[in-house]
Amino acid sequence: MNHGQIAQFASLANKLDKMIESLDFSTLSKKDKVAVKMHLGFTDGAQTIHPFYVRRVVEKIKETGAYPYVTDNPTAVYNAAHRGYTQETCGCPLIPIAGIKDLYGYETEINYRNVDTMNMAGVLHDSDALVNLSHVKAQNNVGYAAALKNLGVGGYNGSDRFRKIHEIFNSIPSWDPGKCTPEHAGRLVESCPYGYIKYDEEKHDLVVSRGRCYNGNCFECMEADREVGCLNMDPEAFETFHEIIAIGTKKVLETFDDEKLFHINFLMDMTPTCDCMGIIQPQVIPDIGITGSRDIVAVEQASIDLIGEEELIYGKVPPYFKHLNTDPTVDLHPFQRLWGPLKDPYNVTKYGEKHGLGSRSYELVEILPAEETLNMEGRHSYERGPSFT
Ligand code: SF4
């Protein structure tokens with residue numbers, strides 16, 4: 001992110017251009033239909049990738065003679081203009097990924113736990129090539145969200161995103177009903193300071209909202225359950241979300257030839273939780289820059305490692321993180337300090353590698369580091385006066 005001079009050749013825009021050169025869009029063919037899969041935000045969530053960068057990528061795709069279009073879920077596309085994304089700003093059309101009613105897709109075998117199939121978004125499936133353009137941020141379900149989640153969740157139709165993917169935690173029961181009385185269930189509900197434990201007395205059914213829980217940072221319910229031991233807070237249950245994302249991503253990637261796949265992560269404006277919250281959030285990690293690779297696991301691993309070298313900006317962490325782990329003697333990724341050790345960002349790449357999406361080994365090549373551009377010669381143009389006179 002840093003630059004060695006106040007000059008265009010040293011700036012992030014030029015670094016992005018150089019990175020695209022290294023990624024080598026020349027494997028795109030003339031007239032390829034190229035999906036630029038993004039998250040375009042939701043209502044007032046305007047911290048997704050700035051249209052300036054989107055256009056930069058889109059123009060590079062167009063230079064190959066291919067036809068790019070930005071795509072995301074229909075709701076995000078419909079009101080994308082509110083957040084600055086239009087054909088004029090992005091330089092290409094914006095197309096709903098699964099038709100205007102979020103129903104156009106292809107039934108795809110998943111065969112993971114209680115999920116047999118999911119409906120892969122039709123536009124993504126039909127595309128010849130994919131530029132996976134992801135905003136990196138912390139995330140409540142999986143700790144970290146970027147390239148894999150952009151495809152493994154964002155690549156499926158609305159009902160499956162919510163009813164199958166987000167419900168996958170419940171494929172492993174939250175508790176043992178035989179060990180728990182209604183009175184004890186009531187105590188467990190009371191113990192959670194966030195209201196993430198719900199109990200239906202009539203059905204004698206208890207559910208922990210694992211997707212929002214701060215397990216490992218917060219031990220309140222486990223403390224209340226110490227004598228009875230009916231809660232199930234096994235790490236395996238928390239990792240189900242990571243694994244279904246990896247499987248869903250694999251199915252998406254399999255619809256493309258390898259030389260038609262590009263992954264670019266923007267490590268900027270990193271917020272404590274997801275873009276789909278639809279609000280402006282504080283930035284909790286300093287801006288790092290942009291990572292890119294043709295290997296989706298490698299780009300994620302490098303991104304997670306780079307964030308791991310930073311400290312949370314503690315003063316910006318919202319007060320509703322009541323169990324933020326600030327103990328420097330505990331070895332945690334910054335995003336685990338927010339969401340708890342069980343939401344380990346490295347599970348994203350662990351399951352990505354397990355399902356054959358790529359490799360966690362990578363070589364990080366920094367493009368135009370500040371030390372290099374500091375002594376480079378080049379023209380420095382800036383606005384000295386009115387430009388159109
Ligand atoms: S670990 Fe904490 S946040 Fe999670 S359900 Fe238990 S009490 Fe609630």
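Reader: What makes a residue one of those around the ligand?

Author: The test is that its C-beta atom, placed from the backbone, lies within 6 Å of the molecule. The residues around the ligand are Ser 191, Cys 192, Tyr 194, Tyr 196, Ile 197, Val 208, Cys 213, Tyr 214, Asn 215, Cys 218, Glu 220 and Cys 221. Please keep in mind that this is a predicted model, in which local features need pLDDT of at least 70, side-chain atom pairs count only at pLDDT 80 or more, and totals for chains, interfaces and linings use all residues. Numbering runs from 1 along each chain as its sequence is written.

Reader: How is that shell divided by class?

Author: It has nine nonpolar, two polar and one charged residues. Ala, Val, Leu, Ile, Met, Phe, Trp, Tyr, Cys and Pro count as nonpolar, Asp, Glu, Lys and Arg as charged, and the others, Gly among them, as polar.

Reader: How do you know that S9 and S10 pair?

Author: Two strands pair if DSSP finds at least two bridges between them, and strand S9 (residues 197-200) and S10 are joined in the antiparallel sense over four bridges. Strands here are DSSP runs of E with at least two residues, helices are runs of H or I with at least four, and both are numbered from the N terminus. Ile 197 stands opposite Val 208 in S10. The two strands form a hairpin with four residues between them.

Reader: Which residues of S10 are on its covered face, and which on the uncovered one?

Author: In strand S10 (residues 205-208), Leu 206 and Val 208 make up the covered face, and Asp 205 and Val 207 the uncovered one. In a regular strand, side chains alternate between the two faces of the sheet.

Reader: Why is His 204 called partly exposed?

Author: A residue is buried if 20 or more other C-beta atoms, placed from the backbone, lie within 10 Å of its own, exposed if 12 or fewer, and partly exposed in between. His 204 has 13 such atoms within 10 Å, so it is partly exposed. His 204 sits in the loop between S9 and S10, and its phi is near 45°, a positive value in a residue other than glycine.

Reader: Why does Asp 269 count as buried?

Author: Asp 269 has 20 C-beta neighbours inside 10 Å, so it counts as buried. Its place is the loop between strand S11 (261-267) and strand S12 (289-293), and its phi, near 50°, is positive in a residue other than glycine.

Reader: Why does Phe 42 count as buried?

Author: With 22 C-beta neighbours inside 10 Å, Phe 42 is buried. Phe 42 belongs to the loop between strand S1 (33-37) and helix H2 (51-62). Leaving out residues up to four places away in sequence, Phe 42 touches Thr 75, Ala 76, Asp 275, Cys 276 and Gly 278; contact requires C-beta atoms, placed from the backbone, within 7 Å.

Reader: And why is Pro 74 buried?

Author: Pro 74 has 20 other C-beta atoms within 10 Å, so it is buried. Pro 74 is in helix H3 (residues 74-78). Its C-alpha atom is separated by 6.9 Å from that of Ala 98, 24 residues apart along the chain.

Reader: What makes a set of residues a nonpolar core?

Author: Its members are buried Ala, Val, Leu, Ile, Met, Phe, Trp, Tyr and Cys residues joined through C-beta atoms within 7 Å. The largest nonpolar core has 99 residues, and those with the most contacts inside it are Val 34, Val 36, Val 57, Val 131, Leu 133 and Tyr 144. Helix H10 (residues 235-253) gives the most to this core, with nine residues.

Terms used. Two residues are in contact if their C-beta atoms, placed from the backbone, lie within 7 Å.
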